Amino acid sequence: MANHRCAVLGKPVAHSLSPVLHNAAYRSLKLDDWLYDKHEVGEDDLDAFLKGLDSTWAGLSLTMPLKKTIQPYGVPENLWAKELKVANTAVFDWSVAADDPAWPSGKPGIKLYNTDVIGIQLAFDHANRELGEHHTASRSGTALIIGNGNTATSALAACCMMPEIGHIVVAARHPGKNTGLKPVAEKFVNVHNPYNEIELGDDQALLEAARNATYVINTIPGHAADNVADALANAGTEPFSGLLLDVIYDPRPTKLMEAWRAHGGHAIGGEEMLLYQALVQVLLMTGIWDDDPPSDADQRLQDTTTEDDQLEIAMRKALEEAL
């Protein structure tokens with residue numbers, strides 16, 4: 001019997017691999033009475049779903065379109081939940097549940113977190129360690145982000161947290177559409193003119209940005225980045241030395257990843273981001289991290305114990321088997 005329950009909510013949500021990751025974590029932690037599942041919940045359904053929960057519920061993962069819809073129900077706790085007003089994690093505190101006729105089991109305290117940002121940062125950190133790469137905190141590097149939607153916002157925030165990145169280029173079909181990107185870069189990257197945008201269809205500008213990039217993050221879904229891959233394939237023989245993260249993990253590898261590798265670059269898929277954002281969620285929902293997830297989560301995970309290492313290994317193995 002599950003005395004502690006968590007789940008991922010979204011619409012659509014059938015494809016989600018979050019249950020694979022979280023349940024693997026519970027097994028590794030020997031939390032036999034914890035269960036994680038998934039529920040298809042749209043924006044109009046969220047209110048009724050939340051009010052139907054009882055004190056066995058410990059936390060929720062939120063996917064689109066709920067990362068902003070959840071905001072009125074809880075209190076942002078970590079930096080990027082506050083700054084971006086986007087949360088993918090809700091943690092319940094039933095010890096402070098208040099009587100409310102609309103909430104049959106009482107209204108719990110709900111803490112909101114954004115673990116997408118640290119998930120991207122940790123994915124790059126892990127890849128750099130695997131490659132033996134070390135970047136100095138000089139703000140001399142450049143990041144290229146493909147797309148300017150919600151995922152691009154988290155990608156940009158992650159780049160702001162990487163002290164090696166001093167300039168961020170966003171390539172989008174509609175430059176300027178996401179007005180929240182530039183202010184974040186200007187606030188958190190302490191250099192002159194840290195941000196600019198280019199048109200995604202401008203192959204020359206795109207290739208120049210790609211060649212100069214320390215990191216590239218593709219945030220546009222499905223096969224939408226295939227045109228970018230085609231542009232790379234026709235870019236001649238000059239190598240690309242940066243590290244690419246494609247947030248898509250189906251197909252695996254993506255056409256963009258294959259094109260990047262064909263030009264000598266290293267590439268990782270979205271499963272790496274998925275793994276690390278879920279790892280931080282597990283630590284929060286189970287109370288292993290009982291404070292705000294930290295802007296120093298990166299350092300905390302690097303200073304891991306053997307048990308923490310085993311947790312990451314167990315989650316990674318389960319993810320690889322599911323893909």
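Trainee: Is the crossing of H4 and H10 left-handed or right-handed?

Mentor: In this predicted model, the crossing of H4 and H10 is right-handed.

Trainee: And which residues make the contact?

Mentor: On the H4 side they are Asp116, Ile118, Gly119, Ile120, Leu122, Ala123 and His126, while H10 contributes Glu272, Met273, Tyr276, Gln277 and Val280. Sorted by class, the contact comprises seven nonpolar, three polar and two charged residues.

Trainee: At what angle do the axes of H4 and H10 cross?

Mentor: The axes of H4, which covers residues 116–131, and H10, which covers residues 270–285, cross at roughly 120 degrees and come within 7 Å. H4 is therefore oblique to H10.

Trainee: Switching topic, how many disulfides are there in the whole structure?

Mentor: A search of the whole structure turns up zero disulfides. Cys159, for example, is in no disulfide, and the nearest cysteine sulfur, which belongs to Cys160, is 7.1 Å away, whereas the cut-off for a disulfide is 2.5 Å.

Trainee: Is Cys159 buried or exposed?

Mentor: Cys159 counts as buried, because its relative accessibility is 0%. Cys6 is buried too, with a relative accessible area of 0%.

Trainee: What about Arg5, where does that lie?

Mentor: Arg5 lies in strand S1, which spans residues 4–10, and Arg5 is partly exposed, with a relative accessible area of 25%.

Trainee: What does Arg5 touch?

Mentor: Leaving aside residues up to four places away in sequence, Arg5 touches Leu35, Asp37, His39, Thr56, Trp57, Ala58 and Gly59. Arg5 and Trp34 are 29 residues apart in sequence, yet 5.8 Å apart in space, C-alpha to C-alpha.

Notes:
Residues numbered from 1 in each chain as written. Predicted model: local features only at pLDDT ≥ 70, side-chain atom pairs only at ≥ 80, totals over all residues. Heavy atoms only, no water. Axes fitted to C-alpha atoms, helices over the stretch in contact; angles between N-to-C directions. Helix = DSSP H or I, 4+ residues; strand = E, 2+ residues; numbered from the N terminus. Parallel < 35°, antiparallel > 145°, perpendicular 65-115°, else oblique. Left-handed = near helix turned anticlockwise from the far one by under 90°. Contact = heavy atoms within 4.5 Å. Nonpolar A, V, L, I, M, F, W, Y, C, P; charged D, E, K, R; others polar. Buried < 20%, exposed > 50% of the residue type's maximum accessible area, 1.4 Å probe, protein only.
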